[in-house]
Amino acid sequence: MACGKRIYKHLFGPVPSRRLGISLGIDLIPHKTCSYNCIYCECGKTTNLTSERREYVPTAEVIEELDSYLSESPRLDYITYSGSGEPTLHSGIEKITRFIKDNYPGYRVALLTNGSLFFDKGVRDEMKDIDVIIPSLDAATDIGFMKIDRPCSSLKVEEIISGLVELKKEFSGEFWLEIFVVPGLNDTEEELAALSKAVHRIAPDRVQLNTLDRPGVVDWIRAATQEELEKFAEGLGYERTEITGRPSSRSGVESFSGDAMECIIQTISRRPCTVEDLSSILGMHPNEINKYIQLLIEEGRVAEKREERGIFFVSVE
Ligand code: SF4
């Protein structure tokens with residue numbers, strides 16, 4: 001693989017995470033398997049829309065990779081279930097968390113999840129050893145849910161909200177609820193009132209408002225402005241609400257890898273590439289590529305172009 005990094009199949013990073021500092025990613029789900037097909041997803045369209053839980057990748061293989069990586073005592077703020085699909089669909093998640101906690105108890109574990117399976121008590125119980133759960137909830141009406149998250153037909157937003165309410169009551173770790181603000185869809189009076197009611201029922205430790213960094217699956221949505229985010233926070237009326245900031249520069253990102261950044265620049269200066277192209281050329285996880293691309297866009301070194309095959313990145317140096 002290019003850039004002199006060792007290849008892991010199920011681990012990626014560490015990546016600079018806006019909320020979790022230096023974060024080692026664990027990807028348990030093949031691209032792109034998810035119970036939602038969100039219009040803003042940076043991982044592309046869901047090709048396997050499912051709520052079926054199974055061992056999508058071998059649990060033993062993930063544990064073996066973690067053992068190899070963590071035995072070198074890397075400096076990490078979190079080990080995070082994330083990646084290119086919904087991690088709670090994997091039936092081995094409890095066993096993997098238990099392995100980390102039993103063998104490397106100094107590391108904190110986080111879960112980024114769409115929260116769609118927590119109506120099931122069995123799934124909630126499997127999360128008990130995790131330190132921070134960050135579920136998302138983008139709408140609290142059926143219509144808003146269908147428009148933004150485009151879920152599996154078996155999933156109902158009211159059941160999902162009830163599952164989050166139960167999880168918050170049972171879970172002893174940190175619980176941060178993420179809302180992805182999509183102007184014109186979930187910031188209307190009706191949607192905001194329903195979301196506000198749901199958020200007060202769930203009572204998360206924090207609500208984090210997020211918006212589009214980069215083009216999503218569809219081209220007709222745009223990022224919320226700072227003013228719109230502030231208005232949204234006001235309409236939500238939940239005291240512990242914050243607007244999540246992105247790392248403003250590479251100097252603020254301790255896990256920043258200059259090598260990785262240069263590899264990306266060199267590759268796209270030869271020809272425009274999608275995230276998937278870069279991932280297969282450089283052997284880096286798409287989420288890792290996404291983090292660096294974001295920094296490069298902010299620095300004005302890379303621009304994006306929407307083509308039929310997807311979003312391409314071009315060098316502007
Ligand atoms: S839940 Fe996450 S991975 Fe699934 S489609 Fe939505 S943004 Fe993408």
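**Ligand site and backbone**

Analyst: Happy to. The ligand sits in the largest cavity. Please keep in mind that this is a predicted model.

User: Which class of residue has 5 members in the shell around the ligand?

Analyst: The ligand is surrounded by Lys32, Cys34, Tyr36, Asn37, Cys38, Tyr40, Cys41, Thr46 and Asn114. Cys and Tyr count as nonpolar. Sorted by class, this shell holds 1 charged residue, 3 polar ones and 5 that are nonpolar.

User: Where is Lys32, whose peptide bond from His31 is cis?

Analyst: Most peptide bonds are trans. The bond from His31 to Lys32 is cis, with omega near -10°. Lys32 is also one of the residues surrounding the ligand. Its place is the loop between β2 (21-27) and β3 (33-34).

User: Is Ser73, with its positive phi, buried or exposed?

Analyst: Ser73 has phi near 50° and is not a glycine. It lies in the loop between α1 (59-70) and β5 (78-82). Exposed means over 50% relative accessible area. Ser73 has 56%, so it counts as exposed.

User: What is the relative accessible area of Arg150?

Analyst: Arg150 is not a glycine, yet has a positive phi of about 45°. Arg150 is found in the loop between α4 (142-148) and α5 (157-170). This residue is partly exposed, and its relative accessible area is 27%.

How values were computed
Residues numbered from 1 in each chain as written. Predicted model: local features only at pLDDT ≥ 70, side-chain atom pairs only at ≥ 80, totals over all residues. Heavy atoms only, no water. Near = heavy atom within 4 Å. 1 Å grid on protein atoms, 1.4 Å probe; cavity = no way out; pocket = protein on both sides within 12 Å on 5 of 7 lines; lining within 4 Å. Sits in = over half its atoms within 2 Å of the grid points. Helix = DSSP H or I, 4+ residues; strand = E, 2+ residues; numbered from the N terminus. Buried < 20%, exposed > 50% of the residue type's maximum accessible area, 1.4 Å probe, protein only.
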